[in-house]
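Please keep the sequence and the structure in view while reading.

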Amino acid sequence: MEPRLKTSKKWTHLPKELVTQVEVLLSENFPVQNKNGKFIFEGRIYPSELILRLGYLVNKSIKQDNFEVSIAYNAGKDNLVSLIHLAVDATASLFSNWAENPENIPPRDWLEFKFENNSLYARYSTVNTQLEIEADKLLGNRDEGLLTEEDEFDEELNHKISILGLNDDDDDGGQTH
């Protein structure tokens, strides 16, 4: 997952519980798509950017349709939990528009749009998450941007991350995306 902002270097995963909850909600709200494929929800929290990706992979297909949202935020001012909820709603809305008409896709480059009176950026990609993870394992690549305990990190962001329940137990074993 590539950030929109050039300053976004260090990041951490979304809490696994949140990812699971969103995937369950998507499955319940899109039963036809759930029957014909699966949802892949993931995201990264950078010090001043939040990126979420809602992927949909049709059964027995390699192409994964992804709807990505990026939101810039101020760690000392903005409520990260509220922004995550906003971004989840925005990715679901993008997916819903596409499910109704497959020609309704965001551009492949980040494009600003308004959603619930907020400025967000969206884009579409066809990156297959699982294939990328497997390729990275085979190549021995690991994501250098994933935060570790030794990293110096803004105190306010660390506080917000702890509120979300992110800790060592939530790490997915160094998998890259």
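The protein has an average pLDDT of 84, and 80% of the residues score at least 70; pLDDT is the predictor's confidence in each residue, from 0 to 100. This is a predicted model, in which local features need pLDDT of at least 70 and side-chain atom pairs count only at pLDDT 80 or more, while totals for chains, interfaces and linings use all residues. Residues are numbered from 1 along each chain as its sequence is written, and side-chain values use heavy atoms, with hydrogens and water left out. Over residues 167-177 the pLDDT stays under 50, and the model has 27 contacts beyond four places in sequence for this stretch; a contact means heavy atoms within 4.5 Å. Where pLDDT is low, the predicted coordinates should not be read in detail.

**The sheet**

Helices (H or I, at least four residues) and strands (E, at least two) are DSSP runs, numbered from the N terminus. Six strands form an open sheet in the order E1-E2-E3-E4-E6-E5, with antiparallel pairing. Its edge strands are E1 (12-13) and E5 (111-115), each of which pairs on one side only. Two strands pair if DSSP finds at least two bridges between them. Strands of a sheet pair through backbone hydrogen bonds, either parallel or antiparallel.

| Strands | Bridges | Facing residues |
|---|---|---|
| E2 and E3 | nine bridges | lysine 38 and leucine 57 |
| E3 and E4 | nine bridges | glutamate 49 and alanine 72 |
| E4 and E6 | five bridges | glutamate 68 and arginine 123 |
| E5 and E6 | five bridges | lysine 114 and serine 119 |

Leucine 57 also stands opposite glutamine 64 in E4. A hairpin with three residues between the strands joins E2 to E3. E3 and E4 form a hairpin as well, with five residues between them, and lysine 60 in that turn has a positive phi of about 60 degrees.

**Burial and the helix across the sheet**

A residue is buried under 20% relative accessible area, exposed over 50% and partly exposed in between, using a 1.4 Å probe and protein chains only. Nine of the ten residues of E3 are buried, and this strand is mostly covered. Eight of the nine residues of E4 are buried, so E4 is largely enclosed by the rest of the structure. Helix H1 (residues 16-29) lies across strand E2 (37-45) and strand E3 (49-58), and runs at about 145 degrees to E2. Such angles run from 0 to 180 degrees between N-to-C directions, with axes fitted as lines to C-alpha atoms, for helices over the stretch in contact.

**The nonpolar core**

A nonpolar core is a set of buried Ala, Val, Leu, Ile, Met, Phe, Trp, Tyr and Cys residues joined through side-chain atoms within 4.5 Å. The largest one has 32 residues, and those with the most contacts inside it are Leu14, Phe41, Leu50, Ile84 and Phe95. H1, E2, E3, E4 (64-72), H3 and E6 each give two or more residues to this core. Its largest share, ten residues, comes from H3.

Leucine 50 touches residues that include Leu14, Val69, Ile71, Leu83, Ile84 and Ala87, leaving aside residues up to four places away in sequence. Threonine 91 lies in helix H3 (residues 80-100). Is threonine 91 buried or exposed? Threonine 91 counts as buried because its relative accessibility is 1%. Beyond four places in sequence, threonine 91 touches Phe41, Leu52, Leu54, Phe67 and Val69.
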